[in-house]
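This briefing covers the chain as a whole, its aromatic pairs, its strand pairing and the charges over its rings. The sequence and structure come before the details.

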Amino acid sequence: MFGGEPDTKKGRKCIAVAALLLTASIVALLRTVPAFSQETELRGEVSEAAILADQQRKARQLRPQGSLDQAVPATQTAEDQTPANPYEPASPGAVPDDDQTGGAEGSILNQPRVTDDPFADNQTMAAPRPPPTARQSAGAKAKSDAKAADKKNANKKPGQTADSTAKAATGDPAETAATEDDGANRRAVTIDSVDRQKLDPGAERTGSIEGQKVRLEDDPFAAPGIKLGTFVFRPTLEQGLTATSNADVSAGGRSAVLSETALRFSATSDWRENSAVIDGYGLFRNTLSGQKINDAQGRIEGQLSVDLDNELRAIARLGYEAVPESASSPDAIAGVTSQPLRQTVDGSLGIEKDVGKMRYALTGAVSHDFYGDAKLSDGTVLSLKDRDSTLYSATLRTGYQVSPAMTPFVEVEAGRRIYDLRLDSNGFERSSTRLGARAGLELDMREKLSGEFSVGWLREGIDDDRLPAIAGPYVNADLKWSPERGTIIGLTGRTTVETTTIANESGDLLYSGRLTGERQVRANLTANTALGLDWRDYTGSDGHDLILSAEAGLTWWLNRYAGLTTRIRTEKLTSNLPGRDYVANSVYLGLKVQR
């Protein structure tokens, strides 16, 4: 209809040719697919040992071939790159068998030929890609070889060069080829991206303990202490010589050189909740030359603090003290070989309760004084039992916490002093009733400023109507202030009722104040000073005593356990009563050891 039979035959021939070409293309494509299947993954599983062995075999085969290629001229090298009997496929897309290839082409890891034409006969093989394990091993070996070469070159004397450079300069083809081949292999080895990732911080190596920054001690010469059960015991022993102008610190005292030994200790508990502290000291003096002095004194006291339920605390104290009667005391006995020993046993029990910002405390205390016999110069003994007495007292304190640093308070005191003998040797009834009231402020600014002070009025009325009551202002203080690190300023004040058995006398009020300072000049050098002011007011008369004192000292620590210490002291008493004035100056030098 459109062209007749000739056109129909021509169309059939075209269709047949097109079908043949399409069939040939499909067959060729199907035969080339296996070659390209190696590009993405291997057919079947291959062990790492096989991969590594294959890589080593190829490296051994390629290294001699590369050395021979370097020895021949460049023109021959280009000709030799063409195989003598190149493989010619019988049909397009045919793949040679393993026994028909030689050298590295027989590897199970060979990549497909790199070309855009899958039907080309002269295809070149792509460089095989080593597995991750082989790449890591080769990279580690390359780094190790490089470090060894650098170390070897660094050990060579000046004027010598690296082995590879020297051998290349001599013109040795084999060595030059091996060097270049090793360099090419190192450049060909790439580090996997996983190896470049930062390690997990938990898996990184940390520095040694010795390399860490060590925190300096606040006081490198402080006593480390001895662990005894649940307590830390810190003893201190001091031995030295004292040269003084007034050995017994009295109006009739004379100069002397004394051997002085002091033992001090403290024990602190390391309990989790409650706490306990034990402190004590002992002082022994003996004359080496001059006025005869042979005495001893000491004190030990402990405190226990227990936390109870509902913001309730209990504090208990117990102490013992033994001190010879001072030669400057109003009750000192003249004409004795040694002053009598006064012993004191005291204790207290207190309960503290916090209710909101209110602070309540109730404390009961007992103190018992008893005296030894006085030995007179004529050999007789004088009993002082009429001076033995016991003081019972109770104190109630109420405070309000204005801020965590300040708590003002008021307290009242009531007590009773009872003598063991109702009448003394002169026929006076010395028992008395004690009343007092005071107001004060408690400070707690941590290490900067802490402590408390109070002022008030105190009265102790004696049962015997012939004797006036001992009464007067009451002052008490215990403060510590640190203006800067290494410096501590202390202020203490105390009011004491001193009773007596002298006929027609009630006693006196003694006001004592101390201002102390301690400065850590260096880590192993400490300076300390003290100023003292005492005022004694006699009841029933206008008599009074004024005592002024000053002291300065240094302690140089040789190490944590031993140090040299020295101090100078002066004391002066001025009184409007006859026969009481004196001046005492002294110098001390000794050795202090601690643990």
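Residues 24 or more positions apart account for 55% of the chain's contacts with a separation of 6 or more, a contact being heavy atoms within 4.5 Å. This is a predicted model, in which local features need pLDDT of at least 70 and side-chain atom pairs count only at pLDDT 80 or more, while totals for chains, interfaces and linings use all residues. Residues are numbered from 1 along each chain as its sequence is written, and side-chain values use heavy atoms, with hydrogens and water left out.

**Chain overview**

- The chain has six helices and 24 strands; these are DSSP runs numbered from the N terminus, with helices being H or I of at least four residues and strands E of at least two.
- Of the 595 residues, 27% count as buried, where buried means under 20% relative accessible area, exposed means over 50%, and partly exposed lies in between (1.4 Å probe, protein chains only).

**Aromatic pairs**

- The structure holds two aromatic pairs. Rings of Phe, Tyr and Trp (its six-membered ring) pair if their centres lie within 6.5 Å; planes under 30 degrees apart count as stacked, over 60 as edge-to-face and the rest as tilted.
- Phenylalanine 231 and tryptophan 271 form an edge-to-face pair, because their ring centres are 5.6 Å apart and their planes are at 75°.
- Phenylalanine 231 is in strand 4 (residues 231-244) and tryptophan 271 is in the loop between strand 5 (256-269) and strand 6 (275-290), so this pair ties together parts 40 residues apart in sequence.
- Tryptophan 271 counts as partly exposed, at 34% relative accessibility.
- The pair of phenylalanine 233 and phenylalanine 265 is tilted, because the planes are at 40°, with ring centres 5.8 Å apart.
- Phenylalanine 233 in strand 4 and phenylalanine 265 in strand 5 are 32 residues apart, and their pair links distant parts of the chain.
- Phenylalanine 233 is partly exposed at 25% relative accessibility, and phenylalanine 265 is partly exposed with a relative accessible area of 22%.

**Pairing of strand 4**

- Strand 3 (residues 226-228) and strand 4 run antiparallel and are joined by three bridges; two strands pair if DSSP finds at least two bridges between them.
- Leucine 228 has phenylalanine 231 in strand 4 as its bridge partner.
- The hairpin of strand 3 and strand 4 has two residues between the strands, and glycine 229 takes a positive phi near 65° there.
- Strand 4 also pairs with strand 5 in the antiparallel sense, over 14 bridges, and threonine 236 stands opposite arginine 264 in strand 5.
- Nine bridges join strand 4 to strand 24 (residues 582-594), and the two run antiparallel; the bridge partner of leucine 241 in strand 24 is leucine 589.

**Charges over rings**

- The charged end of arginine 387 sits over the ring of tyrosine 371, 4.1 Å from its centre. The criterion is NZ of Lys or CZ of Arg within 6 Å of the ring centre and within 35 degrees of the ring normal.
- Arginine 387 lies in the loop between strand 13 (381-382) and strand 14 (389-400) and counts as buried at 8% relative accessibility.
- Leaving aside neighbours within four places in sequence, arginine 387 is in contact with residues including Glu325, Asp331 and Asp369.
- The charged end of arginine 567 sits over the ring of tyrosine 588, 4.1 Å from its centre.
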